[in-house]
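Dear colleague,

I am passing this structure on to you, with some notes on what turned up in it. Please look through the model first and then read on.

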Amino acid sequence: MMPRAWIILALVALTACGSRQDTADRETNLRQLRNPGGTPEEFSIVPPKPLEAPVSLTELPTPTPGGTNRTDQTPLKDAVAVLGGAPSRLDVQPGIGAGDQAIVARASRFGRADDIREQLAAEDQAFRERRSFFNWRLIPEDTYNRVYRGQSLDPYSALEAARRAGVLTPSAPPER
């Protein structure tokens with residue numbers, strides 16, 4: 001048997017291996033869908049398109065710092081072009097698209113805030129900060145589900161309430 005001192009030393013060494021460097025990232029990214037190991041994600045590495053030499057060096061496009069590059073992969077646009085579509089239609093256009101104008105008009109009939117995303121992000125951050133005192137766990141789990149657990153709905157009780165109210169509902173999978 002190992003002496004108690006060796007067991008305590010081993011436990012201290014194991015707890016010292018932990019890292020809290022990404023605590024701030026964990027608070028901002030609730031779903032934590034990233035590679036925490038610091039190594040490259042093998043599925044996100046995509047080789048660029050081959051370089052093409054222009055006919056004349058005066059025909060080079062102007063640089064766009066922080067923008068796209070001609071050698072960047074665009075698989076969706078490439079697929080649209082191969083199928084005979086116009087890849088330029090996939091570019092983000094200013095304003096609201098024609099297909100979305102009716103729903104935006106209906107949703108904003110009583111007015112809408114232009115800074116709604118920033119406002120909701122600030123309110124969400126304040127809510128999580130209020131809950132942060134009670135937000136620690138010995139074993140980490142999904143922060144999003146833990147913080148918003150009290151605001152989730154029980155789908156089966158909502159289904160039963162709708163059926164009692166006479167709403168025609170589709171069948172649902174059995175409860176577990």
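This is a predicted model: local features need pLDDT of at least 70, side-chain atom pairs count only at pLDDT 80 or more; totals for chains, interfaces and linings use all residues.

**Confidence and overall make-up**

Residues are numbered from 1 along each chain as its sequence is written, and side-chain values use heavy atoms, with hydrogens and water left out.

For the protein chain the mean pLDDT is 77, with 74% of the residues reaching 70 or more. Confidence is lowest in helix α2 (residues 23-28), where the mean is 48, and highest in helix α7 (residues 155-164), where the mean is 91.

The chain has 7 helices and 0 strands, and along the sequence the pattern reads α-α-α-α-α-α-α; helices (H or I, at least four residues) and strands (E, at least two) are DSSP runs, numbered from the N terminus. Of the 176 residues in the protein chain, 7% are buried, where buried means under 20% relative accessible area, exposed means over 50%, and partly exposed lies in between (1.4 Å probe, protein chains only). The accessible surface of the chain comes to about 16100 Å², and 61% of that surface belongs to carbon and sulfur atoms; the areas come from the Shrake-Rupley method with a 1.4 Å probe, and for residues only the protein chains shown count as cover. Among contacts between residues at least 6 apart in sequence, 29% join residues at least 24 apart.

**Salt bridges**

How many salt bridges does the structure hold? There are 3 of them, a salt bridge being a side-chain nitrogen of Lys or Arg within 4 Å of a carboxyl oxygen of Asp or Glu.

One of them joins the side chains of D78 and K49, at 3.6 Å from N to O. Since D78 lies in helix α3 (residues 75-82) and K49 in the loop between α2 and α3, the pair ties together parts that are 29 residues apart in sequence. D78 counts as partly exposed, at 32% relative accessibility, and K49 also counts as partly exposed, at 25%.

The side chains of K77 and D91 meet in another salt bridge, at 2.3 Å from N to O. This pair links distant parts of the chain, with K77 in helix α3 and D91 in the loop between α3 and α4 (101-107), 14 residues apart. K77 is partly exposed, with a relative accessible area of 27%, and D91 counts as partly exposed at 34%.

E160 and R163 also form a salt bridge, their closest N and O atoms being 3.6 Å apart. Both residues lie in helix α7, 3 residues apart, which is about one turn of the helix. E160 is partly exposed, with a relative accessible area of 37%, and R163 counts as partly exposed at 36% relative accessibility.

**The loop between α2 and α3**

T71 is found in the loop between α2 and α3. Is T71 buried or exposed? At 14% relative accessibility, T71 counts as buried. Leaving aside neighbours within four places in sequence, T71 is in contact with P48, K49, P50 and L51, and K49 is the residue whose side chain meets that of D78 in a salt bridge.

T58 is found in the loop between α2 and α3 as well, but T58 counts as exposed, at 72% relative accessibility. The side chains of T58 and S56 are joined by a polar contact of 2.7 Å, a polar contact being a pair of N or O atoms within 3.5 Å, where within protein one must be able to donate a hydrogen and the other to accept it, and residues adjacent in sequence count only if both atoms are side-chain atoms.

**After helix α7**

A172 has its place in the segment after α7 and counts as partly exposed, at 37% relative accessibility. Which residues does A172 touch, not counting those up to four places away in sequence? They are Y156, L159 and R163, and R163 is the partner of E160 in a salt bridge. The C-alpha atoms of A172 and L159 are separated by 8.5 Å, the two residues being 13 apart along the chain.

With best wishes

Technical notes: pLDDT is the predictor's confidence in each residue, from 0 to 100. Contact means heavy atoms within 4.5 Å.
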